[in-house]
Amino acid sequence: MGEKLCLAARWAIPVVGEPIHDAVVVIDNGIIEGVYARPQFNSIYKNQQIARAEDYKEAVIMPGLINLHSHLDYSALRAFATDLPFYQWIRELMLRARDWTADKFFQSALYGARLAAFTGTSTVVDSSFSGQAAKALAQVGLRGVVGLEIFGLSDAESDNSWSNWLSRFEALSETDFAPLREALEKQTITLTVSPHAPYTVCPSLWLKAATWAKKFNLPVLAHLSESLEECQWIASGNETVHEFLTYALRVDTDSEKLKPRWAGRGLTPVKHLKNYGLLNEWLIAAHMVHSDSDDLTILAEHNVKVAHCPRSNARLKNGLAPYSKMLEHGITVGLGTDSLASNDDLSLLAEAQFALNAHRLKPGIEGKEEGEHHLPTARQLVEAMTMEAAIALKMDHLIGSLQAGKRADIAVFALPPAPLSDTEKETICPYNLLISGGARLRDLLVDGQFIVSEGKLSRN
Ligand SMILES: [Zn+2]
């Protein structure tokens, strides 16, 4: 018989179903047993032993947040090169991190994993250049899906690139770092592959990655249609991308051997991937800023998932993805912060707040017809960083909502103090309250264990 834990607060947002006022969440052995309004809880549990009870009062209890796209590796580069255009920025980033040791990557990722935990994120979906992000997440005790990044633009060299990647992957899987070994055994951390982007990974290499991932039922984490230059390069060439590949990646795409013969065919990045059979339900495509209606129809048909990263797209001046249009097409869209090298922090609540306001500033752009507004709601953004992201990961049977039987991955946010009566407080929409900027994390649980408790990490 497990020891029951009860969390009570003014609101619970189960995400699936309506918010519950004056709510109690019961957890037994790391699993959610039930979410109740207080009178219901009192009658069911009146004779039962409760090991620990927390009443957070002016707070919201909700599922732990899921960050669908990040690079914890680069967390040390906070406030880095904030004004550079995208391809100069990515070049600078590579230069800065070029000589980093594994330990430097680990310390950087650990800093990021802690910041993620402190802002209520219980699951991080991370594309990791070094693989150290997996160790950092394990160290902090977060859930994670970590894609070890792969690059390689030459079809002729894809066999080599793939076998190199496989050895790096095996080394990481067989780590002797105890917290990661334990997390891999418990499956709180999953390792997978992350083909960087269509302008850095050739179709034959991407196909090896996608085929491998499908065989093991693993998501594929990639960047897609992030910049206009990427779209132009795939369609017909682009000087900025060409220079980036030549001088940053040292790929001579003009040479006969390395010429990407699949580029320059007038296709969008989405149609290019479709051409090579690379779109499927396992692909989680970050960004999708530049996409037409055809692209969105194709993504929906292939059940590709999207990570919307509006603050990174703004910082790098890539534009605003058509979030509501994606939802209208029936695409599953989660929220991602991207890395601290292109964002102010790793808070998903802040990401959602920015998203709401950014989309409000772009009337008409998202409409089916000119001038018609399709603006996201606070509720949709809460769903994006919980249930929708869980669906994208095919983990919605485990996480993403407060429902009986799911893992107790839970975030508790204190609400901003407002001089209102209890009756007045009840009338304010908890989704809006949560995303209005004043909510502050109190506690974070993963599998029913306190990872953050009253502002302090349980593990160091
Ligand atoms: Zn990214």
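A salt bridge is taken here as a side-chain nitrogen of Lys or Arg within 4 Å of a carboxyl oxygen of Asp or Glu. In this predicted model, local features need pLDDT of at least 70 and side-chain atom pairs count only at pLDDT 80 or more, while totals for chains, interfaces and linings use all residues. Residues are numbered from 1 along each chain as its sequence is written, and side-chain values use heavy atoms, with hydrogens and water left out.

The chain is divided into domain 1 (4–63 + 401–457) and domain 2 (65–392), with bounds that come from an automatic or database domain assignment. Taken over C-alpha atoms, the centres of domain 1 and domain 2 lie 32 Å apart.

| Property of the interface of domain 1 and domain 2 | Value |
|---|---|
| Buried area | about 2100 Å² |
| Share of buried area on carbon and sulfur atoms | 69% |

Buried area is the accessible area (1.4 Å probe) that two parts lose on being put together, summed over both. In domain 1, the most area is lost to domain 2 by Tyr-431, Ile-435 and Leu-457, which together account for 29% of what that side buries.

Contact, meaning heavy atoms within 4.5 Å, joins 30 residues of domain 1 to 26 residues of domain 2. Three salt bridges are found across the interface of domain 1 and domain 2. Asp-409 forms a salt bridge with Arg-143, where the closest N and O atoms are 2.6 Å apart. The side of domain 1 that touches domain 2 comprises 18 nonpolar, six polar and six charged residues, where Ala, Val, Leu, Ile, Met, Phe, Trp, Tyr, Cys and Pro count as nonpolar, Asp, Glu, Lys and Arg as charged, and the others, Gly among them, as polar.
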